[in-house]
Structures are given as C-alpha cells and as structure tokens.
Amino acid sequence: PSDSTSIATDTITALTLAATSFDDDTIKSGNTLVVPTGKGGKWMVSALFFAFYSTSASRGGSPTGIASNCYIRVNGTVVRTTTFASGFYGELTAILDLAAGDAISIAQLQSSGMTLHTWAQGVDQCNLSAAFLGA
C-alpha cells in the first residue's frame with residue numbers, strides 16, 4: 001500500500017510505499033519493487049490510485065473536472081499510463097518483461113492548480129503489486 005502523498009500541481013510525484021501486505025521474494029526496497037536475481041521474465045504489475053483535494057493529508061473533497069495522470073515506471077521510465085478524474089479510482093495493470101534489478105514504481109501528475117493527495121488512511125486505497133509469471 002501507498003502512504004498518503006501530496007501531489008503538487010504540474011509535478012510528476014513518486015508515490016510513497018508504506019506497509020507491505022505480502023512480500024514472499026522481499027522485492028520491496030524503499031519506494032520501489034525490485035526484481036530479484038533469478039526472477040527475470042514476465043511480471044504482472046498492478047497499481048491502484050485514489051486522489052482527492054484537501055488542505056491537509058486527510059480525506060477531503062473531490063472536485064469535478066480535475067484529471068490526474070497515473071504512471072507505472074520501470075527504472076524511472078514510464079511504461080504504462082492512465083488518466084482519471086480526481087476523487088475516483090484509477091487502475092493500471094500490465095504484463096511486463098523485466099530483468100533482475102529492474103525497479104518498479106508508481107507516480108502521479110496533475111495540473112489542477114491545487115494540491116491533491118493520495119489516500120491511505122488505514123486502508124489500501126493506493127497500492128502497487130507485482131507477481132512473477134515465469135521466465
């Protein structure tokens with residue numbers, strides 16, 4: 001799951017990964033998931049996003065007409081993207097061919113003129129997951 005992150009306007013913001021729900025291969029490293037040695041191949045990567053407007057990092061309003069671009073990145077390069085309206089969920093899932101050492105992260109970009117926040121107040125509202133499918 002992702003911790004609550006403030007997303008400034010017009011800035012691609014890496015989302016902070018907080019608690020780990022399940023990590024059998026110990027791939028979580030800071031704010032990335034790193035493909036372990038011997039596990040290069042096909043990976044299913046999924047990201048779930050939820051953003052809202054507020055003056056603090058607690059759940060606030062969800063103004064209409066504001067869009068947020070959400071990204072899955074590998075080694076800092078965007079490999080998948082989607083756009084969704086603030087206050088709603090956005091989801092990305094991709095099958096990626098990854099090599100050992102590749103770092104997977106998630107990020108958001110918004111241009112509302114205000115600060116948006118991800119929501120992770122005791123629930124998995126934003127998360128990043130990866131599953132090894134095979135070589």
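1. Asp25 and Lys39 form a salt bridge, with their closest N and O atoms 3.3 Å apart; the term denotes a side-chain nitrogen of Lys or Arg within 4 Å of a carboxyl oxygen of Asp or Glu. The pair connects distant parts of the chain, 14 residues apart: Asp25 sits in the loop between β2 (13–14) and β3 (28–29), and Lys39 in the loop between β4 (32–34) and β5 (41–53).

2. The model is predicted: local features require pLDDT of at least 70 and side-chain atom pairs pLDDT 80 or more, while totals for chains, interfaces and linings use all residues. Residues are numbered from 1 along each chain as its sequence is written, and side-chain values use heavy atoms, with hydrogens and water left out.

3. Asp25 is partly exposed, at 32% relative accessibility, and Lys39 is also partly exposed, at 24%. Here, buried means under 20% relative accessible area, exposed over 50%, and partly exposed in between (1.4 Å probe, protein chains only).

4. The protein chain contains 11 strands and zero helices. Helices (H or I, at least four residues) and strands (E, at least two) are DSSP runs, numbered from the N terminus.

5. Of the contacts in the protein chain with a separation of 6 or more, 70% involve residues 24 or more positions apart; a contact means heavy atoms within 4.5 Å.

6. Of the 135 residues in the protein chain, 41% are buried. The accessible surface of the chain is about 6500 Å² (Shrake-Rupley method, 1.4 Å probe), with 51% belonging to carbon and sulfur atoms.
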